[in-house]
Amino acid sequence: MGTYLGLPEKIHWSKTQVFAFVRDKLHKRVNLWTSKSLSKGGKEVLIKAVAQAIPTYVMSCFLLRKAICSKLSSAIADFWWSNKADSKELHSISWEQMCTQLSEGGLGFRTLEEFNLALLAKLAMEIAQISRLSP
């Protein structure tokens, strides 16, 4: 199956298989970081600037299944809680609590499912505005 502008040309019945490349790309990037000893601040910057930006283009065009979003969030959470490569630690705070706003006591990470819906709503508003302007 080919790609065009980084997106698959055909979407068949299994979206999990079609969008597996996003999960693989995120896993590769996160696995490169886990070998380095980073502070929690460094991990926060990498998650917000890079890890949560990797699936943005795909999410702005397609509605990803909850299973795909949860696997992406799981990979990011595992990176947050790991100390070194191939080590998994107990998650002492739920990911949902970490995704709450800074003012509410969270870290301000994005909830990928809600972000996906927000990007698609933005696209729908742009399409509606263009259709309103054209005769």
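Biologist: How much space lies in the second largest pocket?

Modeller: This is a predicted model: local features need pLDDT of at least 70, side-chain atom pairs count only at pLDDT 80 or more, and totals for chains, interfaces and linings use all residues. Residues are numbered from 1 along each chain as its sequence is written, and side-chain values use heavy atoms, with hydrogens and water left out. A pocket is an open set of points where a 1.4 Å probe fits, on a 1 Å grid over the protein atoms alone, with protein on both sides within 12 Å along at least five of seven lines. Points are joined across faces, edges and corners, and the volume is the space filled by probe spheres set on them; for the second largest pocket that is about 210 Å³.

Biologist: Which lining residues are closest to the centre of the second largest pocket?

Modeller: Lining residues have an atom within 4 Å of a point. There are 14 of them here. The closest to the centre are S73, W95, E96, C99 and T111.

Biologist: Which element gives the largest share of that lining?

Modeller: Elements are DSSP runs numbered from the N terminus, with helices (H or I) of at least four residues and strands (E) of at least two. Those that give two or more residues to the lining are α5, α6 (95-98) and α7 (112-133). The largest share, six residues, comes from α5.

Biologist: How does the lining divide by class?

Modeller: Ala, Val, Leu, Ile, Met, Phe, Trp, Tyr, Cys and Pro count as nonpolar; Asp, Glu, Lys and Arg as charged; the others, Gly among them, as polar. The lining then has five nonpolar, five polar and four charged residues.

Biologist: Is S73 buried or exposed?

Modeller: S73 is found in helix α5. Buried means under 20% relative accessible area, exposed over 50%, and partly exposed in between (1.4 Å probe, protein chains only). At 12% relative accessibility, S73 counts as buried.

Biologist: Which residues does S73 touch, not counting residues up to four places away in sequence?

Modeller: Contact means heavy atoms within 4.5 Å. By that rule, S73 touches W95 and L112.

Biologist: Which residues is N116 in contact with, leaving aside its neighbours within four places in sequence?

Modeller: N116 lies in helix α7. N116 is buried, at a relative accessible area of 1%. Its contacts are M59, F62, L63, L64 and C69.

Biologist: How far apart are the end C-alpha atoms of α7?

Modeller: The expected span of a helix is 1.5 Å times one less than its number of residues. For the 22 residues of α7 that gives 32 Å. The end C-alpha atoms agree, at 32 Å.

Biologist: Within what arc do the buried residues of α7 fall?

Modeller: L112, F115, N116 and L119 are buried in α7. They line one face of the helix, because, seen down the axis, the directions from the axis to their C-beta atoms fall within an arc of 110°.

Biologist: Which exposed residues does the face of α7 turned away from its buried side carry?

Modeller: The buried residues of α7 have cover that includes α4 (56-59) and α5. The face turned away carries E114, L117, M125 and R132.

Biologist: Why do the buried residues of α3 line one face of the helix?

Modeller: In α3 (residues 40-51), K43, I47 and A51 are buried. They line one face because, seen down the axis, they fall within an arc of 40°.

Biologist: Which helices do the buried residues of α3 pack against?

Modeller: V45 and A49 are exposed on the other side of α3. The buried residues pack against α2 (20-34) and α5 (66-81).

Biologist: How far apart in space are A67 and T16?

Modeller: A67 lies in helix α5 and is partly exposed, at 38% relative accessible area. A67 and T16 are 51 residues apart in sequence. C-alpha to C-alpha, their distance in space is 7.9 Å.

Biologist: In what order do the elements run from the N terminus on?

Modeller: The protein chain has seven helices and two strands. From the N terminus on, the order is β-β-α-α-α-α-α-α-α.
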